[in-house]
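Welcome to this short tour of a protein model.

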Amino acid sequence: MTPLLLLVSLFAVAAQPPARAASDSVQSRLQQLADSVIAARPRMPGIIIAVEQQATGKRWSVAAGLADTARKIRLTPDQPVRLASNTKTYTAAALLRLVETGRLSLSDPLSKHLPPAVDSLLRRDGYATDVITIEQVLSHRAGFNEHPAVPSYVASLRTDPQHRWTPREQLQWLVDSLAPVGPPGAQFRYSDSGYVLLGLIVERYSGQPLGPAVRALVRFDQLGLRHTWWETLEPTPPGVSDRAHQYLGGLDAYGIDPSFDLYGGGGIVATMADLAHFLTALLNGQVFANGATLDTMRRPRSPEMNGYGLGLFGAVVGGQTGRGHSGFWGTTAMVFPEAGITIAVSITDQSESRQTNAVMGAVLRVLGVPR
C-alpha cells in the first residue's frame, strides 16, 4: 500500500468518535490502529505502540505483527527492542546530571575530560579538542563526522555481524576514514562518534561502567524503569520478555553484536512503555534536581531536526509540537506537552520507519486530540 493509502487507512481508524471515558475502549482502538498498520504494510514485520496520558497517569500498550518472522512468533506489547539513538537522550541526561553535581561544565573543553590517548587520536585528525565544548558535542555542533557514515562500517553488519567493537576501535575507524566537517560551532552535523566520547566521559566521572552509571545518574529505579537496560553492559532484568527481532530491509538484525551501536549513541534496550515513561518523567522534571537544567536540555541549538537541543529534537505531528528522539532500528518517542500525551512507537523494520509520524498522528486522534 502506498503512503497515501496508509494515511487514509489510519485516518479511518482514528476518525471514529474519540473514546474519552473508558480505558478499555482506548485500548481496543489502539489495537485496531496497530492491526490496520500491519494490514496496510505487508512488508512491515511488526509494530508496538505505547501511550502515556499525563493528566490521568493512564498507560496503554499494543502490538501487531510478528516478533520473529522466521518462526512466525507473534509480537507482544511487553517485548523490548534496541532503542539505538533514542539512547542519546539518556546519555545527555546523564551528562547534565554530572553538570548539576559540579563535576563538569557544558562550557568545558573536550580535552579536559577525555582519556589522553583518545584526545591525542582526535587531535591528530584535526579535531580542536581544546576548543570543542561539551555542549557542542551534545548538540552535534562540534564539527565531528561519524563512524557510521563510513560505508564499510555499515556493511560490516552483514559481513561480520559478531564482531565485538570497542569505543577506541570505532573512533579509530572515524579518524582513519573521514575528516572533520568543519570548525567547532560552525554547523550542525549529527554524530554518533561524539556521543561515544560522551559515554567515555560519563564513565570517567561516575567511576562506573556506562550502563550502571547512566542507571544511577538518571535514576532508572526511582522512575520504575524495570524493563530498561544497557545491553551486555548490565544484566538483563529478571522476568523481561525476549527482545523482539528488528530488521534492516529484511535482514534480521537480532544476532548482530550490540557493540556495533552501544557506547552512548545507542545501547539501551527497553519496552516502548518504559521509553514513553522515561521521556514523560524527563520532560516533567523528575530526572534533574533543577528546572533550569531541563530548560538547558530542551533549548534548541540548531534549526535542524525541528530544533535540536541536547539529546532532544522536535517534531510537528497532527498539528501538535512534540519533543523527543528517534533511533535507527525504527523507534521514536515524543512528548506532546499541549496534549499531555507521550507516544513511543517501534516499527521493527528500519526501512518502514518513515511511517512513524502517520502512526503518531493517528494515535493523537484516537485520544481525541484536536488538530
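The largest cavity has a volume of about 110 Å³. This is a predicted model, in which local features need pLDDT of at least 70 and side-chain atom pairs count only at pLDDT 80 or more, while totals for chains, interfaces and linings use all residues. Residues are numbered from 1 along each chain as its sequence is written, and side-chain values use heavy atoms, with hydrogens and water left out.

Rolling a probe the size of a water molecule over the atoms shows where empty space is left. Here the search runs on a 1 Å grid over the protein atoms alone: a cavity is a set of points where a 1.4 Å probe fits but cannot get out, whereas a pocket is an open set with protein on both sides within 12 Å along at least five of seven lines. Lining residues have an atom within 4 Å of a point. Grid points are joined across faces, edges and corners, and a volume is the space filled by probe spheres set on the points.

Searching the whole structure gives six cavities of 30 Å³ or more. In the largest cavity, 13 residues form the lining, and R82, E231, P258, D261 and W329 lie nearest its centre. The second largest cavity is lined by residues including Q136, H140, R141, F144 and R189. The largest pocket has 18 lining residues, of which S85, E146, P148, D192 and F328 are the closest to its centre. Helix α6 (151-159) and strand β10 (320-327) each give at least two residues to that pocket's lining.

The table sets these spaces side by side. In its classes, Ala, Val, Leu, Ile, Met, Phe, Trp, Tyr, Cys and Pro count as nonpolar, Asp, Glu, Lys and Arg as charged, and the others, Gly among them, as polar.

| Space | Volume | Lining by class |
|---|---|---|
| Largest pocket | about 320 Å³ | 10 nonpolar, five polar, three charged residues |
| Largest cavity | about 110 Å³ | eight nonpolar, one polar, four charged residues |
| Second largest cavity | about 50 Å³ | three nonpolar, six polar, two charged residues |

Helices (H or I, at least four residues) and strands (E, at least two) are DSSP runs, numbered from the N terminus. Which residues of helix α4 (residues 116-124) are buried? They are V118, D119, L121 and L122, where buried means under 20% relative accessible area, exposed over 50%, and partly exposed in between (1.4 Å probe, protein chains only). These residues sit on the same side of α4 because they cover an arc of only 160° around the axis; the arc is that of the directions from the helix axis to the C-beta atoms. They pack against α7 (167-177) and α8 (192-206), while the exposed residues P116 and R124 are carried on the face turned away from the buried side. Just after α4, G126 has a positive phi of about 100°.

S111 is in the loop between α3 (87-100) and α4. With 23% relative accessibility, S111 counts as partly exposed. Not counting residues up to four places away in sequence, S111 touches D119, R123, T129 and D130, where contact means heavy atoms within 4.5 Å.

## Aromatic rings

A pair of aromatic rings is described by the distance of the centres and the angle of the planes. Rings of Phe, Tyr and Trp (its six-membered ring) pair if their centres lie within 6.5 Å; planes under 30 degrees apart count as stacked, over 60 as edge-to-face and the rest as tilted. The count comes to 11 aromatic pairs. One of them is the tilted pair of Y153 and W165, at 4.5 Å centre to centre with 55° between the planes. Y153 is in helix α6 and W165 in the loop between α6 and α7, 12 residues apart. Both are buried, and together with W173 and F260 they form one aromatic cluster.

T271 lies in the loop between β8 (268-270) and α11 (272-283). T271 is buried, with a relative accessible area of 4%. Beyond its neighbours within four places in sequence, T271 is in contact with D78, Q79, P80 and H227.

R219, in the loop between α9 (210-218) and α10 (220-223), has a positive phi near 70° and is partly exposed at 23% relative accessibility. N306, in helix α13 (residues 304-307), has a positive phi near 55° and is exposed at 54% relative accessibility.
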